[in-house]
Amino acid sequence: GLANIYPADHRATAYKMIENGGLLSEYTHNTKPDRENFPMRNRIIAGLCDALIVVETGQSGGSMISAELAAQYEREVFAIPGRPCDPKSAGCNLLIKTEKARL
């Protein structure tokens, strides 16, 4: 919910967004940032974007969910390749290898 900006480090960015456009949430104002809500948020992000750029991610998690959804929504998906043995690059490398993302 919009009353619980998460992570808290993003609070200043959220206020800037409010001043220059707005914030969007499908949850009630006081909804806590529960883990199961994040994939739903990623669905909205993937739907709103023209293109999605994945910079660093493991083989599973929110960025991979967003990339899959963006591809399903016929958005462009890009990924930054990383070191082959780095777990934090595994998702980007997989997206590129399986042609789900372009460089």
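The following questions and answers examine how terms are applied to this predicted model.

Q: Why is L103 called exposed?
A: The relative accessibility of L103 is 70%. Exposed requires over 50%, so L103 counts as exposed. L103 is located in the segment after helix 4.

Q: What makes F78, A79, P81 and I96 contacts of L103?
A: Contact requires heavy atoms within 4.5 Å. With residues up to four places away in sequence not counted, L103 touches F78, A79, P81 and I96. For L103 and V77, which lie 26 residues apart along the chain, the C-alpha atoms are separated by 8.8 Å.

Q: What makes a set of residues in this model a nonpolar core?
A: The members must be buried residues of the listed nonpolar types, joined through side-chain atoms within 4.5 Å. The largest such core has 13 residues, and L52, V54, A67 and L95 have the most contacts inside it. Strand 1 (51–54), helix 3 (62–72), strand 2 (76–79) and helix 4 (90–97) each contribute at least two residues. Helix 3 provides the largest share, four residues.

Q: Which residues does L52 contact beyond its neighbours within four places in sequence?
A: L52 is in contact with S66, A67, A70, E76, V77 and F78.

Q: How do you know what share of the protein chain is buried?
A: Buried means under 20% relative accessible area. Of the 103 residues in the protein chain, 23% are buried.

Q: What is the order of the elements from the N terminus on?
A: The protein chain has four helices and two strands, and its elements run α-α-β-α-β-α.

Conventions. Residues numbered from 1 in each chain as written. Predicted model: local features only at pLDDT ≥ 70, side-chain atom pairs only at ≥ 80, totals over all residues. Heavy atoms only, no water. Buried < 20%, exposed > 50% of the residue type's maximum accessible area, 1.4 Å probe, protein only.
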